[in-house]
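Good morning, and thank you for coming. Please look at the sequence and the structure on the screen while I speak.

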Amino acid sequence: MKIKFILEQLNITSKTATDWASFCREVHQEILIWRSGKIGGPSIVVEIDESKFGKRKYNRGKRVVGRCVFGGVERGTKNCFFAVVENRTSEVLLSVIEEHILPGTTVMSDCWSSYQCLSDEGIVHLTVNHSMHFVDTDTGAQTQSIEGTWSAIKRGLNGTNHVKGQFDSYMAAYMWKRKNSTAESRMESLLDMIKEVYPPRNKDKRKLKKKKKKKGTK
């Protein structure tokens, strides 16, 4: 939900709403780190691409300042990964691919030069030249799924006041929403994640804390 809607419905301050939203995103990020696994596998296609998140400098031209994100989506499932990278060199992108994509996966991308090293590393790599067509007529390679994902993420971030230094948590929240598409599944998932990140204290620990508190007041 948008912060504005939450403020109207709950009659709370914007600081409280922002703090709770940040807390939820931090939970998403913690769970994402704990449960991070590789996607793809033999006979499975993963589309990869990179995108810049930010604003055009001086609101004109194509130069964009912000964060560079490299990502991949697995066809036919909701599995995906997104990694904020400092640069888009072949070495950096290859390390991200090795960390997030299983061996034997068919990787599809555009013809960007940094991807040329993939075939040399034994990765099954198909490309599509977007200056000529959306789908390669010979191999059927295309990256429309990952490109549509970028659009969806940016639409979700558009118009929101982002908390500085928490960009990674916004990406984690998107990945969580992608896997939990209904309000019911999101609420159940969120409560489970909070319980996992912050497990409830058992009765003995609660009693011990109360005893310590009483001793401190005497």
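In which helix do W20 and F23 lie, and how many residues apart are they? Both are in helix α2 (residues 14-34), three residues apart, about one turn of the helix. Helices here are DSSP runs of H or I with at least four residues, strands are runs of E with at least two, and both are numbered from the N terminus. In general, an α-helix has 3.6 residues a turn, so residues three or four places apart point the same way.

Let me state the basis of what follows. This is a predicted model, in which local features need pLDDT of at least 70, side-chain atom pairs count only at pLDDT 80 or more, and totals for chains, interfaces and linings use all residues. Residues are numbered from 1 along each chain as its sequence is written, and side-chain values use heavy atoms, with hydrogens and water left out.

First, the overall plan. The chain has seven helices and five strands. Read from the N terminus, the order of the elements is α-α-β-β-β-α-β-β-α-α-α-α. Of its 218 residues, 33% count as buried. Buried means under 20% relative accessible area, exposed means over 50%, and partly exposed lies in between, for a 1.4 Å probe and protein chains only. Contact means heavy atoms within 4.5 Å. Among contacts between residues at least 6 apart in sequence, 57% join residues at least 24 apart.

I turn now to the aromatic rings. The structure holds seven aromatic pairs. Rings of Phe, Tyr and Trp (its six-membered ring) pair if their centres lie within 6.5 Å; planes under 30 degrees apart count as stacked, over 60 as edge-to-face and the rest as tilted. The ring centres of W20 and F23 are 5.5 Å apart and their planes stand at 85°, so this pair is edge-to-face. W20 is exposed, with a relative accessible area of 55%. F70 and F81 also form an edge-to-face pair, with 6.0 Å from centre to centre and 65° between the planes. F70 belongs to strand β2 (residues 64-74) and F81 to strand β3 (residues 80-85), eleven residues apart. Both F70 and F81 are buried. Ring pairs link F70, F81, W112 and Y115 into a cluster.

F70 brings us to the nonpolar cores. A nonpolar core is a set of buried Ala, Val, Leu, Ile, Met, Phe, Trp, Tyr and Cys residues joined through side-chain atoms within 4.5 Å. Of the 18 residues in the largest core, I48, F70, I97, I101 and L118 touch the most other members. The elements that give two or more residues to this core are β1 (45-56), β2, β3 and α3 (90-100). The largest share, four residues, comes from α3. Not counting residues up to four places away in sequence, L118 touches I48, L94, I97, V107, I123 and H125. A second, separate core has 14 residues, including F53, V69, Y170 and M171.

Is strand β4 (residues 106-110) enclosed or open? Five of its five residues are buried, so β4 is largely enclosed by the rest of the structure. In a regular strand the side chains alternate between the two faces of the sheet. Here T106, M108 and D110 point one way from β4, and V107 and S109 the other way. Two strands pair if DSSP finds at least two bridges between them; β4 and strand β5 (residues 124-128) pair in the parallel sense over five bridges. Within this pairing, M108 stands opposite L126 in β5.

Helix α5 (residues 167-179) is another enclosed element: ten of its 13 residues are buried, so it is largely enclosed by the rest of the structure. Among the buried residues of α5 are F167, Y170, M171 and W176. R25 lies over the face of Y170, at 3.9 Å from the ring centre.

Finally, the loops. Most residues other than glycine have a negative phi. N11, which is not a glycine, has a positive phi of about 55°. N11 is found in the loop between α1 (3-10) and α2, and at 71% relative accessibility it counts as exposed. The phi of S43 is near 70°, again a positive value in a residue other than glycine. S43 lies in the loop between α2 and β1, and S43 is exposed, with a relative accessible area of 77%.

Thank you for your attention.

Terms used
A charge sits over a ring if NZ of Lys or CZ of Arg is within 6 Å of the ring centre and within 35 degrees of the ring normal.
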